[in-house]
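Let's walk through this structure together, one piece at a time. Keep the picture beside you as you read.

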Amino acid sequence: MRRTTRVAAAGLGVTSLLALSACGGGGENGGDADADAWILTGGGWPAIQEDFDRWNEANEDAQIDTEAIENDSYKGQIRTAVGSGEAPTLIMSWTGGALLEYAEEERIVDLSEHTGELESRVFDSVWQNGQIDDSTYAVPLNDVQPVVMYYNQAVFDEAGVEIPETWEDVEAAIDTFNENDVAPFSLAGGSVWPALMWLQYLTDRHGGEEVFAAVVEGEEGAWDNESILYALETMQDLGENGGYIDTFNSVTADQNEDAQLLADGQAAMLLQGSWVYSTIHQDFPEFAESGDFGFTSFPTLEDGAGDPSNIVGNPANFWSVSADASEEEQQIAFDYISENLYNEETVTAMLEAGSLPPLGDIEDQIAETEDAEFLEFSSNLVGEANHFQLSWDQAVAPEVAQPLTDNLSQILRGDMTPEQFVEAMNSL
Amino acid sequence: MALPAVLFFGIFALIPLFGVVVISFMEWNVLGSPSWVGLSNWQAVLFDRPFTWTALGLTITFVIGSYLFQAPVALLLGVFMAGQQRYRALLAVLYFLPLLFSSVAVGLTFQSLFSPNYGLSAALPFDWLPNDWLSNSDLVMWVMIFVVGWCFVPFHGLLYQAGVRQIPQSMYEAATIDGAGRVRQFFSITIPQLRYTIITSSTLMLVGSLTYFDLIFVLTGGQPANAVRILPLDMYVTGFSSYNLGYASVIAVILVAIGLTLSLLLNIISGSSKMESDKAGA
């Protein structure tokens, strides 16, 4: 008896982990006609919650129940829920590979007829991300997050360098900064995903958006492209020859160390998402208000085939409507999308929080905000963009995202050549 | 009397375990419906995926390393905390602290400490101190063994403290009269008397580190170069980042098998089935 108990106890230890991992979230599609939506916690999400609260107050007979879920567990939970037919009525995604799978499995419905005036208001470069085969399967719901180049003017002044506009300028600036013992670029290589931004921009500037589109469309051997190879080689060169800060492989973005390096002048520039603007204001207010904190677009490449107006980043979070929801629930969701998304109150709340709705008709409102300079800059960037590339790790199928990160990490560490990288990615 | 325990064990251990075994014979990406694929997941994970063996090797290194670090430190700490020294109570509270912190908080704190530009290496004036604690693939395993050990040593110290306090004082008094010194007493009385505590603690340490996940996930995510992607983390990444539930379930079953074998072995080696007593005079 004693022995069995011990073995059982040991067994329990092992399996409880499995039991925990096996937990999925269940939808709350009880018998009532209320639609439901899962949103995330933190960031700009409280504004979305308040938007739902106002909707529920105004629409007695079309209630939408919301549940806020922590970001990291959301992706697993929503997938389990969608897969088991228990998804909430409104399904939030980052578009890309996951959205494509939802559509292919017919888990979401075509929204083309249910978007009201939205299409004419939202920037094209953002709207495109919800399109599959010329039909709308997802519509943006919150702020747009382009990746931009931040800089520390004080560091530039000290070294006597101008803000680079072309890649040639960048190369010259790297030399000057190195002579002055300042790192040209801060990079959170330890987190890997910030390095993906470099890979995306360099590939796009060199070969245009078609290069990665071929990867997404599953074209045979699409990774083996001279632009991707160029981008990988350039990144390794930046890592080895003093482009990135020498400790870049140990710097992580979790606690904004990469932004801190820019703020205290150890690095001159940082390529990061637009959310870093508010991070810097919160965590390093002295730098943010010193007048040295600047931002610009990614440099152009002289002979590059890519459109220099192209940008990368997160176009937004998007709503889709579950095919497993009842007709009543779907109707509530359609009404919410066509009548309520980006209404005036919500747009104002977003702007006050420093986040930018991807809309072409709010210039006047932007001009009145506290962060007008940055918001105008980002709005122009997105509005004029010929193409807005969704982050590659979101754009590819989920099973490709992890190897992409693993292999890029090896590129950063110099454990893999660009040729080995494309070979490994092609073999997936 | 045993019914609640059996129910609990059934619902939270046996049923999920059975489910995992079933899924290990299926192809399932969570989104679509699962389909039977026979032994092909097993074939793929065991023979066509070299990383499985790498991960197993990493897991063994991690388990043995953790044991060699935690066991002696916890034993010495437990013996010390059971004593009567000055400030002992205060120190015992301090040693106990790591056990109270959540692993995510511990992870983020150590991440700051290991930061190359703002952490320990930047603060201390020692040039020989490496500054790539978490990004050097040769170093990161040992760093993780240390951090995880730091978290769990207090718990095992507590077990040993309780064990030492149960040893009759008369045995030490008799040994002192016979002229045995402190070191001799430690090896001839304390260690043999702590035998069952050692077995319990060892089982928990070995099986615990075999299935350990959270700090490694928070601090490294398995990077750099997958140098700390031990089997539990590999299972998570395969199942919940790549959504290959079939492969992940195979890894899970392998982990269960190793865990059960390990605790059975410990049980046999320790001979706990034999009835014997080593209490003085019993």
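Domain bounds, which we need at the start, come from an automatic or database domain assignment. With that in mind, chain A is divided into domain 1 (33-144 + 315-389) and domain 2 (145-313 + 397-426). The C-alpha centres of domain 1 of chain A and domain 2 of chain A lie 28 Å apart.

A word on what you are looking at: this is a predicted model, in which local features need pLDDT of at least 70 and side-chain atom pairs count only at pLDDT 80 or more, while totals for chains, interfaces and linings use all residues. Residues are numbered from 1 along each chain as its sequence is written, and chains are lettered from A and ligands numbered from 1 in the order in which they are written.

How do the two domains of chain A meet? Here, two residues are in contact if their C-beta atoms, placed from the backbone, lie within 7 Å. By that rule, 16 residues of domain 1 of chain A are in contact with 18 residues of domain 2 of chain A. On the domain 1 side, α4 (97-104), α18 (372-384) and β13 (388-390) of chain A each supply at least two residues. These labels are DSSP runs numbered from the N terminus: helices are H or I with at least four residues, and strands are E with at least two. The biggest giver on this side is α18(A), with six residues. The residues on the domain 1 side divide into eight nonpolar, six polar and two charged. In this grouping, Ala, Val, Leu, Ile, Met, Phe, Trp, Tyr, Cys and Pro count as nonpolar, Asp, Glu, Lys and Arg as charged, and the others, Gly among them, as polar.

Now step back to chain A as a whole. Chain A contains 21 helices and 13 strands. Its radius of gyration is 23 Å, close to the 22 Å that the globule rule gives for 428 residues, so chain A is as compact as a globular protein of that length. (The radius is taken over C-alpha atoms, and the rule is 2.2 Å times the number of residues to the power 0.38.) Among contacts in chain A between residues at least 6 apart in sequence, 77% join residues at least 24 apart.

Next, meet the partner. In chain B, 48 residues are in contact with 45 residues of chain A. Helices α1 (3-23), α5 (103-113), α10 (195-210), α12 (231-241) and α13 (245-269) of chain B each supply at least two residues of the side that touches chain A. The largest share, eight residues, comes from α13(B). By class, this side of chain B has 26 nonpolar, 21 polar and one charged residues.

UniProt also has something to say about chain B. Its unreviewed entry lists residues 56-266 of chain B for "domain: ABC transmembrane type-1"; positions are given in the numbering used here, feature names are shortened, and annotations may be inferred rather than shown by experiment. Over residues 56-266 of chain B, the chain is 73% helix and 0% strand. The unreviewed entry's "transmembrane region" annotation covers several spans of chain B, including 139-160 and 204-225. Residues 139-160 of chain B are 95% helix, with end C-alpha atoms 30 Å apart.

Finally, zoom in on L77(B), which lies in helix α3 (residues 50-82) of chain B. Why does L77(B) count as buried? L77(B) is buried because 20 other C-beta atoms lie within 10 Å; the cut-off is 20 or more for buried and 12 or fewer for exposed, with partly exposed in between, using C-beta atoms placed from the backbone. Leaving aside its neighbours within four places in sequence, L77(B) is in contact with Y95(B), V153(B) and G157(B). The C-alpha atoms of L77(B) and G157(B) are separated by 5.5 Å, although these residues are 80 apart along the chain.
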